[in-house]
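I opened this entry to keep a record of what I looked up, in the order I looked it up. The chain goes in below before any notes.

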Amino acid sequence: MSQREWIEKDFYKELGVSSGASQDEIKKAYRKLARDLHPDANPGDTKAEERFKAVSEAHAVLSDPAKRKEYDDTRKLFAGGGYGRGGFGPGAGGGFSQEFNIGDIFGGAGAGAGGQGAQLGGVLNPGGPPTTSRPPPPAAREARRRR
């Protein structure tokens, strides 16, 4: 199962438990739902069968402590919106800004400083001012001083 699917599904809601539920509470909720929704108990009921599959999937994730932690962490990461709720980017509610400042990654050595951002040549900020990673040649510096 992909993390995108984890973001879009609320496994706690599927089982009818809170996100702080203990392993015993999760197990009890699953067993009750599985007993009520099992295809043998509901022959020919496709809604019950689909619900049984969803409950089983939720239990498979929430009953494994490592998978549950990964699920919880993934949902917290994207809780502000964005992924699965309108996409990433400006105005998506995910808290992402439109501009990208390479200096944020390379500790202030952005495009204007002749650092890593300049080496990328504006790839990450197209439409921004062109940058160079080399100082002007001595003749150009001398010409500027004379002005």
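**Overall fold**

I note at the start that this is a predicted model. I counted the secondary structure and got eight helices and zero strands. Reading along the sequence, I wrote the pattern down as α-α-α-α-α-α-α-α. I then looked up burial: of the 147 residues of the protein, 24% count as buried. I also checked sequence separation in the contacts. Among those between residues at least 6 apart in sequence, 42% join residues at least 24 apart.

**Helices α3 and α4**

I went to helix pairs next, since two packed helices are described by the angle between their axes and the distance between the axes. How do the axes of α3 and α4 cross? I took α3 as residues 23-37 and α4 as residues 46-62, and found that their axes come within 10 Å and cross at roughly 160°. Angles over 145 degrees count as roughly antiparallel, so α3 is roughly antiparallel to α4. The crossing of α3 past α4 is left-handed.

I listed the residues that make the contact. From α3 they are Q23, I26, Y30, L33, A34 and L37. From α4 they are A48, R51, F52, V55, S56, H59 and L62. Sorted by class, the residues of this contact of α3 with α4 come to nine nonpolar, three polar and one charged.

**Helices α4 and α5**

I moved on to α5, residues 65-77, and its packing against α4. The angle here is about 100°, and the axes are 6 Å apart. α4 and α5 are therefore roughly perpendicular to each other. On the α4 side the contact is made by A60, V61 and L62, and on the α5 side by K67, R68 and Y71. The classes in this contact of α4 with α5 are four nonpolar, no polar and two charged residues.

**The nonpolar core**

Which residues have the most contacts inside the largest nonpolar core? I found F11, L15, V17, L62 and Y71, in a core of 19 residues. At least two residues of this core come from each of α2 (11-15), α3 and α4. As background, I noted that in soluble globular proteins nonpolar side chains tend to be buried together.

I followed up Y71. Leaving out residues up to four places away in sequence, Y71 touches W6, K9, D10, F11, Y12, V61 and L62.

**L15**

Is L15 buried or exposed? I located L15 in helix α2, and its relative accessible area is 5%, so L15 is buried. Beyond four places in sequence, L15 touches I26, A29, Y30, L33, V55, A58, H59 and L62. I also took a C-alpha distance: L15 and A54 are 39 residues apart along the chain, and their C-alpha atoms are separated by 9.0 Å.

**A58**

A58 lies in helix α4 and is buried, with a relative accessible area of 0%. Leaving aside residues up to four places away in sequence, A58 touches F11, E14 and L15.

**S22**

My last entry is on a loop residue. S22 is found in the loop between α2 and α3. S22 is partly exposed, with a relative accessible area of 34%. S22 and S63 are 41 residues apart along the chain, and I read 9.5 Å between their C-alpha atoms.

Definitions and conventions. Residues are numbered from 1 along each chain as its sequence is written. This is a predicted model: local features need pLDDT of at least 70, side-chain atom pairs count only at pLDDT 80 or more; totals for chains, interfaces and linings use all residues. Side-chain values use heavy atoms; hydrogens and water are left out. Axes are lines fitted to C-alpha atoms, for helices over the stretch in contact, and angles run from 0 to 180 degrees between N-to-C directions. Helices (H or I, at least four residues) and strands (E, at least two) are DSSP runs, numbered from the N terminus. Angles under 35 degrees count as roughly parallel, over 145 as roughly antiparallel, 65 to 115 as roughly perpendicular and the rest as oblique. A crossing is left-handed if the near helix is turned anticlockwise from the far one by less than a right angle, and right-handed if clockwise. Contact means heavy atoms within 4.5 Å. Ala, Val, Leu, Ile, Met, Phe, Trp, Tyr, Cys and Pro count as nonpolar, Asp, Glu, Lys and Arg as charged, and the others, Gly among them, as polar. A nonpolar core is a set of buried Ala, Val, Leu, Ile, Met, Phe, Trp, Tyr and Cys residues joined through side-chain atoms within 4.5 Å. Buried means under 20% relative accessible area, exposed over 50%, partly exposed in between (1.4 Å probe, protein chains only).
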